[in-house]
Amino acid sequence: MLVAAFAVLFLRLPRSDHAAAPPLAAPANVTMETMNTDYVLRWDWDQSWGQDVTFTTQYISHSKARNPHRQDQWEELCANLTHHSCDLSGAGLMYEGKYLVRVRAEADGSCSQWASLTFHPDKDARVGPPSRVSLSHADGAVDVHIEDPLSGANTSMRTLLPGLSYHILYWEGPGPPQSSQVQNLSSKATLVTLSGLKGRTCYCVAVQTLNRYHPKKSSFTSPICIQTPGALVWWLSVLCFLGSMLGCFLLGFFFYKTSKWLQTVFFPASQLPSHFKEYLCDFPGSDMPRLLTSDAEQRCDKVVVCPRWPPEEQDPPPEAVAASPPGLEADSR
């Protein structure tokens with residue numbers, strides 16, 4: 001009977017026409033993307049909740065969070081965000097500090113639960129590769145000049161990471177490295193000399209940043225290459241000298257022939273007589289020759305060549321007189 005009475009009472013209770021709205025979901029997959037002293041908080045959000053959702057981000061030091069009298073002293077970083085990230089680089093977080101960072105969703109006056117993570121920059125922040133690497137020759141060797149990675153304030157990360165060192169790979173280039181050819185060394189110095197290299201050979205270098213305390217390592221820098229110096233072979237020097245001498249001779253011979261030809265054309269050795277020049281020029285005193293004449297100025301006469309008549313008698317040669325036959329005498333008349 002008691003059970004039946006409760007059932008009747010439940011059926012008589014007023015019912016709402018609409019079911020209660022589900023609570024707003026909290027952001028998911030909260031992570032911190034870092035590089036040196038640049039920190040960006042990122043999270044995921046289910047778009048099925050709609051587009052009119054904003055986000056708020058706060059942080060507090062770990063020491064304050066553990067203090068009952070100060071655990072509510074959260075500092076707001078980003079408010080009314082429509083995208084899914086918040087930049088903490090300008091928040092002034094101490095590199096050796098430890099912080100709690102949280103984010104929540106807000107829509108139509110309702111808020112989700114906070115999604116939080118613990119962030120310790122000295123332990124969790126990634127370190128970047130060297131800011132610059134250059135190569136130079138040094139008495140048959142190669143010097144590697146390394147510049148420390150930089151913080152967001154453009155200061156050396158060595159001030160925050162005293163145990164900073166570098167892992168250097170070098171190999172014969174210019175192609176990609178082969179595992180059997182790669183040599184490596186580690187150094188805390190920013191100037192490293194690579195010795196024992198072959199002369200007149202291309203070598204490529206890549207550098208990685210390492211940290212001993214809270215072990216960290218960066219990606220390698222892009223390879224850069226340099227040609228090592230070497231002694232020049234003596235016969236190659238002689239060949240270069242002879243080639244340069246031959247080139248100079250041919251060039252001088254060419255200029256000599258060209259100058260002679262120009263002199264012959266523009267300044268001929270044989271000059272025309274003055275009366276020829278007067279006839280060939282357009283008018284007396286002119287230097288321009290008259291090479292062509294008009295038809296009206298042409299003068300033509302017909303010339304006929306004839307033999308002389310009567311022909312002149314010539315005495316026979318002495319040989320013909322001596323050979324006259326006997327019995328023939330010359331006419332005495």
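Which residue forms a salt bridge with Asp148, and how far apart are the closest N and O atoms? The partner is Arg158, and the closest N and O atoms are 3.2 Å apart. The close-up views below are taken from a predicted model.

**View 1. Salt bridge between Asp148 and Arg158.**
Asp148 lies in the loop between S10 and strand S11 (164–172), and Arg158 lies in the loop between S10 and S11, so the contact ties together parts that are 10 residues apart in sequence. Asp148 counts as buried, at 14% relative accessibility. Arg158 counts as partly exposed, at 24%. The structure holds five salt bridges, including this one.

**View 2. Salt bridge between Glu147 and Arg132.**
The two side chains meet with an N to O distance of 3.7 Å. Glu147 belongs to strand S10 (residues 141–147) and Arg132 to strand S9 (residues 132–138), so the pair ties together parts that are 15 residues apart in sequence. Glu147 is partly exposed, with a relative accessible area of 40%. Arg132 also counts as partly exposed, at 47% relative accessibility.

**View 3. Salt bridge between Lys198 and Glu172.**
The closest N and O atoms of Lys198 and Glu172 are 3.1 Å apart. Lys198 is located in the loop between strand S13 (191–194) and strand S14 (202–211), while Glu172 is in strand S11, so the pair ties together parts that are 26 residues apart in sequence. Lys198 counts as partly exposed, with 48% relative accessibility. Glu172 is partly exposed as well, with a relative accessible area of 30%.

**View 4. Aromatic pair of Trp43 and Phe55.**
A search of the whole structure finds six aromatic pairs. In the pair shown here, the ring centres of Trp43 and Phe55 are 5.5 Å apart and the planes are at 55°, so the pair is tilted.

**View 5. Stacked pair of Phe249 and Phe253.**
The rings of Phe249 and Phe253 are 6.5 Å apart, centre to centre, with 20° between the planes. The two residues are four residues apart in helix H4, a separation of about one helical turn. Phe249 is exposed, with a relative accessible area of 56%, whereas Phe253 is partly exposed, at 43%.

**View 6. Nonpolar surface patch that includes Phe249 and Phe253.**
The patch is formed by Leu246, Phe249, Leu250, Phe253 and Tyr256. Together these residues have about 560 Å² of accessible area. Leu246 is placed in helix H4 (residues 234–266).

**View 7. Arg102 over the rings of Trp74 and Trp114.**
The charged end of Arg102 sits over the ring of Trp74, at 3.7 Å from the ring centre. The charged end of Arg102 also sits over the ring of Trp114, at 4.1 Å from the centre of that ring.

Key:
Residues are numbered from 1 along each chain as its sequence is written. This is a predicted model: local features need pLDDT of at least 70, side-chain atom pairs count only at pLDDT 80 or more; totals for chains, interfaces and linings use all residues. Side-chain values use heavy atoms; hydrogens and water are left out. Patches are made of residues with over 30% relative accessible area and no salt bridge: like charges are joined within 9 Å, nonpolar side chains (Val, Leu, Ile, Met, Phe, Trp, Tyr) within 5 Å. Accessible areas come from the Shrake-Rupley method with a 1.4 Å probe; for residues, only the protein chains shown count as cover. A salt bridge is a side-chain nitrogen of Lys or Arg within 4 Å of a carboxyl oxygen of Asp or Glu. Buried means under 20% relative accessible area, exposed over 50%, partly exposed in between (1.4 Å probe, protein chains only). Rings of Phe, Tyr and Trp (its six-membered ring) pair if their centres lie within 6.5 Å; planes under 30 degrees apart count as stacked, over 60 as edge-to-face and the rest as tilted. A charge sits over a ring if NZ of Lys or CZ of Arg is within 6 Å of the ring centre and within 35 degrees of the ring normal.
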